[in-house]
Amino acid sequence: KNKKVGIDSLKLTPSQTGTLNFNENFSIYANTPLRAIDSSKIVLQKQDTLQVAYTVNLDSLYNKLNFDFKVEPNERYTMKLLPGAVIDFFGISNDTLNYALSTNSFADYGDLTVNLSGNTIQYPIVVQLTNEKEEVQREQMLKEPKPLEFNNLNPGKYLLRVIFDANNNGQWDTGNYLKKIQPERVSYYPNLIEMRANWIENITFNILD
């Protein structure tokens with residue numbers, strides 16, 4: 001017997017739940033390819049009643065909705081998606097969805113400034129902050145010398161590394177043995193960086209050969 005293939009139900013998953021990070025846009029991921037958005041059926045409020053202006057775009061590459069709005073400290077936000085706000089490739093739309101988000105005070109986070117020095121720096125470079133498992137938490141790309149600011153960091157311990165982005169594609173490349181292309185160079189800051197709440201840290205990373 002032929003087995004009937006069913007169409008997956010549309011499932012939407014928020015990128016953040018609970019506490020909203022100041023430095024990350026709120027996104028909603030879908031499990032099926034998205035086709036359209038009706039922003040008139042999406043309501044964003046703060047303190048339960050005040051409307052908040054926002055923009056939303058459909059990222060087809062990562063199959064998600066990206067929201068952009070002003071995030072304020074010590075605030076509570078609610079987002080409601082009414083039926084038909086999102087339609088996927090199969091013509092399936094969402095049911096009513098509610099997301100509750102809140103923000104902490106700026107004093108709950110730390111700010112880090114990184115100054116790079118050394119005669120061997122060749123731009124562009126990618127500067128990454130990772131946790132102790134080397135999972136990227138923040139990154140910035142630099143095409144010329146200037147101080148880097150990583151603001152509103154959660155308290156914790158971080159590692160810092162610099163990728164010399166020889167092919168200017170914004171990521172580390174392993175190279176190609178057959179083409180005799182070496183892996184892109186990576187330099188690691190020698191010390192663990194500990195960030196605390198309401199803390200400002202300023203470090204200099206002297207990159208040697």
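A salt bridge is a side-chain nitrogen of Lys or Arg within 4 Å of a carboxyl oxygen of Asp or Glu, and by this rule the count here comes to two. The model on screen is predicted, so local features need pLDDT of at least 70 and side-chain atom pairs count only at pLDDT 80 or more, while totals for chains, interfaces and linings use all residues. Residues are numbered from 1 along each chain as its sequence is written, and side-chain values use heavy atoms, with hydrogens and water left out.

**First stop: Lys 46 and Glu 72**

Select Lys 46 in strand E5 (residues 42-46), where strands (E, at least two residues) and helices (H or I, at least four) are DSSP runs numbered from the N terminus. Lys 46 forms a salt bridge with Glu 72, and their closest N and O atoms are 3.1 Å apart. This pair links distant parts of the chain, since Glu 72 sits in the loop between E8 and strand E9 (76-81), 26 residues away from Lys 46. The two side chains are also joined by a polar contact of 3.1 Å, a term for a pair of N or O atoms within 3.5 Å in which, within protein, one must be able to donate a hydrogen and the other to accept it, residues adjacent in sequence counting only if both atoms are side-chain atoms. Lys 46 counts as buried at 19% relative accessibility, whereas Glu 72, at 22%, counts as partly exposed; buried means under 20% relative accessible area, exposed over 50%, and partly exposed in between, with a 1.4 Å probe and protein chains only.

**Second stop: Arg 161 and Glu 134**

Next select Arg 161 and Glu 134, whose side chains meet in a salt bridge with an N to O distance of 3.1 Å. Arg 161 lies in strand E16 (residues 156-164) and Glu 134 in the loop between E13 and E14, so the pair ties together parts that are 27 residues apart in sequence. Arg 161 is buried at 13% relative accessibility, while Glu 134 is partly exposed at 40%.

**Third stop: backbone geometry**

Most residues other than glycine have a negative phi, and most peptide bonds are trans. Staying on Glu 134, note a positive phi of about 65°, although this residue is not a glycine. Then move to Asn 152, in strand E15 (residues 148-153), where phi is near 55°, again a positive value in a residue other than glycine; Asn 152 is buried, with a relative accessible area of 13%. For a cis peptide bond, select Tyr 123 and Pro 124, which are joined with omega at about 5°; Pro 124 lies in the loop between strand E12 (110-117) and strand E13 (125-130).

Display the four strands of the open sheet, which has the order E1-E3-E8-E7 with antiparallel pairing; two strands pair if DSSP finds at least two bridges between them. Its edge strands, each pairing on one side only, are E1 (12-14) and E7 (55-59). Within the sheet, E3 and strand E8 (residues 64-68) pair over three bridges in the antiparallel sense.

Finally, select Tyr 29 in strand E3 (residues 27-30), whose bridge partner in E8 is Lys 64. Tyr 29 is partly exposed, with a relative accessible area of 35%.
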